[in-house]
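Thanks for sending this one over. Here are my notes, point by point, on the charged pairs and the nonpolar packing.

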Amino acid sequence: SRSCRRQPMPPPARASTASEKLTATWAKSAPPFARAAASCARFEVALLDQDPHALETARQGIARIEAARGAPIVAHFFTDSVRTMLRDRRLGERLGAFDAIYSMGLFDYLAPPVARAVLAKAHELLRPGGTLLVGNFLAGHVSQTYMDFWLDWPLYCRTEESFRALAEGKMAILISHRFSTVRMADRIIVLRAGRIEERGTH
């Protein structure tokens, strides 16, 4: 008769802790410059918000990315409001100059005159050839009525034309899949899989 030797069972896999799962999530969602350990040291970032709790959350997120990558990220944290930013004539000396500025969840709360002033201030902080990327809720988005009347959360939702008016006198790059948006651009670039496929005018 054939004998069969029983193989020992492997030890059960250890369940990931909530902290480890969060670290993995932060590592996956890390910005491109922080997705490789070698890249982390090449960049310096500044985070600005009027809410200290938001900055602390960002600080903890950066710490998780550092732990996952095994490399430090040079980050500076500034607690400022729109009002103090606009009043500070030496803001550039205090914050420095930037190759790229990313703003999300801010312009939706700013009336047009204030939004125009903040946009101009952000342009002053850019180095020559730098990029300013601003997010704003699109007028008529699917949740606008619900947010306005049920949540009592009114925002300055803007059309592409109204936002372009805020940047009058400056070059603006509009990212859109809507033909109605690209029709008002002076120059059109078609991207596919991250590469330029076509470029031209109307």
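**Notes on salt bridges and cores**

1. Let me begin with Arg-59, which is partly exposed at a relative accessible area of 40%. Please keep in mind throughout that this is a predicted model. The side chain of Arg-59 forms a salt bridge with that of Glu-56, with an N to O distance of 3.3 Å. Glu-56 is partly exposed as well, at 34% relative accessibility. Both residues sit in helix α3, which covers residues 52-69, and they are three residues apart, about one turn of the helix.

2. How many salt bridges does a search of the whole structure find? The count is five, and the Arg-59 to Glu-56 pair is one of these contacts between side chains.

3. Next, have a look at Arg-94. Its side chain meets that of Asp-88 in a salt bridge of 3.0 Å, N to O. Arg-94 is partly exposed, with a relative accessible area of 37%.

4. Asp-99 and Arg-127 make another salt bridge through their side chains, at 3.2 Å from N to O. Asp-99 lies in strand β3 (residues 98-103) and Arg-127 in strand β4 (residues 126-134), so this pair ties together parts that are 28 residues apart in sequence. On accessibility, Asp-99 is exposed, with a relative accessible area of 53%, while Arg-127 is partly exposed at 39%. The cut-off matters for Asp-99, because exposed means over 50%.

5. Now for the nonpolar side. The largest nonpolar core has ten residues, among them Val-82, Phe-107, Leu-110, Val-134 and Phe-163. Helices α6 (112-124) and α8 (160-166) each supply at least two residues of this core. The largest share, three residues, comes from α6. More generally, nonpolar side chains tend to be buried together in soluble globular proteins.

6. Which residues does Phe-163 touch, leaving aside those up to four places away in sequence? The contacts are Phe-107, Val-134, Asn-136 and Arg-158. Of interest here, Phe-107 and Val-134 are also listed with Phe-163 in the ten-residue core.

7. A second, separate core has eight residues, including Phe-78, Met-85, Ile-101 and Leu-126.

Key. Residues are numbered from 1 along each chain as its sequence is written. This is a predicted model: local features need pLDDT of at least 70, side-chain atom pairs count only at pLDDT 80 or more; totals for chains, interfaces and linings use all residues. Side-chain values use heavy atoms; hydrogens and water are left out. A salt bridge is a side-chain nitrogen of Lys or Arg within 4 Å of a carboxyl oxygen of Asp or Glu. Helices (H or I, at least four residues) and strands (E, at least two) are DSSP runs, numbered from the N terminus. Buried means under 20% relative accessible area, exposed over 50%, partly exposed in between (1.4 Å probe, protein chains only). A nonpolar core is a set of buried Ala, Val, Leu, Ile, Met, Phe, Trp, Tyr and Cys residues joined through side-chain atoms within 4.5 Å. Contact means heavy atoms within 4.5 Å.
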